[in-house]
Amino acid sequence: MCIVCLAYQSRNGPCTSCRNMAATVVNHALYPDTTITMALFREVTNSAELRQHVMKGEFEASLLKPVMIVDPFQVLVAANKAEHLHRSGRMMTRNVHTEILFCLSPTKNISDSFKKFGLGDSDTSALVVIMNDKNGSTLATVTDKVQGKLVDVTEVGELTDTDMVKKVYKLTEQELTVGSPLDSITTRIAAKEMAVV
């Protein structure tokens, strides 16, 4: 954080420049006019309230459970796929942000996807994904509402529950001898419509 936000933080959190440094913004692989913003929060104390903000439509974002994410690339694969399904009119859910949750799941059960990958009321960390937040206004709104610490997205691996991930994605020891969990997970996300594990 900069000197300005260190003095200012007790009241308002980090400034816009520092907020954007902690968040990761990536252009969509197939649609370069589309951006994917990811922000990771730790020590979150108001997860239930955040979920209510999303359900009421106060801001549009995917609120993910970081324990189910092994690497930010996993989220990028799901977000890329969700945007492609959105543009091709083949989404299974109501909007691109809920489609990201659905794409992360190895099953075709929408409510199960939300339970396993969506932020829970008692979760103490949150990975926020925002599509097309080109001016950063949604990220600013989310950051203002989250009661927690904004950290670098690459820290998500420190929060992963490896046993839970292996169980949900049905990763076998044999398959992990020839590739990483991330390899297996991204393959499942990409091939979900062809085969369900």
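Predicted model: local features only at pLDDT ≥ 70, side-chain atom pairs only at ≥ 80, totals over all residues.
**Exercise 1. Get an overview of the chain and its confidence.**

Task: find how many helices and strands the protein chain has, and where pLDDT stays under 50.

Solution. 
- Step 1: start with the secondary structure, which comes to 10 helices and five strands.
- Step 2: turn to burial. Of the 197 residues of the protein chain, 48% count as buried.
- Step 3: look at the contacts with a separation of 6 or more; residues 24 or more positions apart account for 72% of them.
- Step 4: check the confidence. The average pLDDT is 89, and 88% of the residues score at least 70.
- Step 5: Over residues 1–12 pLDDT stays under 50, and the model has 12 contacts beyond four places in sequence for them.

**Exercise 2. Classify the packing of α4 and α10.**

Task: decide whether α4 and α10 are roughly parallel or roughly perpendicular to each other.

Solution. 
- Step 1: read off the geometry. Helix α4 covers residues 72–87 and helix α10 residues 181–190; they pack at an angle of about 10°, with axes 10 Å apart.
- Step 2: apply the cut-off of 35 degrees. The two helices, α4 and α10, are therefore roughly parallel.
- Step 3: list the partners. From α4 come F73, Q74, V77, A78 and K81, and they meet L182, I185, T186, I189 and A190 of α10.
- Step 4: sort this contact of α4 with α10 by class, which gives seven nonpolar, two polar and one charged residues.

**Exercise 3. Describe how α5 is covered and how it packs on α6.**

Task: work out how many residues of α5 are buried, what covers them, and at what angle α5 and α6 pack.

Solution. 
- Step 1: take helix α5, residues 96–104. Nine of its nine residues are buried, so this helix is mostly covered.
- Step 2: name some of the buried residues; among them are H97, E99, I100 and C103.
- Step 3: find the cover. It includes β3 (62–64), α4, α6 (110–117), β4 (126–131), α8 (162–169) and α10.
- Step 4: inspect the start of α5, where a side-chain oxygen of N95 comes to within 2.8 Å of the backbone nitrogen of H97.
- Step 5: turn to the pair α5 and α6, whose angle is about 90° and whose axes are 8 Å apart. That makes α5 roughly perpendicular to α6.
- Step 6: identify the residues in this contact: T98, L101, F102 and L104 of α5, with I110, S113, F114 and F117 of α6. By class, six are nonpolar, two polar and none charged.
- Step 7: follow the chain into the loop between α5 and α6, where S105 sits. With 2% relative accessibility, S105 counts as buried. Beyond its neighbours within four places in sequence, S105 contacts S113, F117 and K192.

**Exercise 4. Examine positive phi values.**

Task: give the phi of N132 and of K170, and say where each residue is found.

Solution. 
- Step 1: N132 has a positive phi of about 55°, although it is not a glycine. N132 lies in the loop between β4 and α7 and is partly exposed, with a relative accessible area of 36%.
- Step 2: K170, not a glycine either, has a positive phi of about 55°. K170 belongs to the loop between α8 and α9 (173–176), and its relative accessible area of 49% makes K170 partly exposed.

How values were computed
Residues numbered from 1 in each chain as written. Heavy atoms only, no water. Axes fitted to C-alpha atoms, helices over the stretch in contact; angles between N-to-C directions. Helix = DSSP H or I, 4+ residues; strand = E, 2+ residues; numbered from the N terminus. Parallel < 35°, antiparallel > 145°, perpendicular 65-115°, else oblique. Contact = heavy atoms within 4.5 Å. Nonpolar A, V, L, I, M, F, W, Y, C, P; charged D, E, K, R; others polar. Buried < 20%, exposed > 50% of the residue type's maximum accessible area, 1.4 Å probe, protein only. Polar contact = N/O pair within 3.5 Å; in protein donor to acceptor, adjacent residues only side chain to side chain. pLDDT = per-residue confidence, 0-100.
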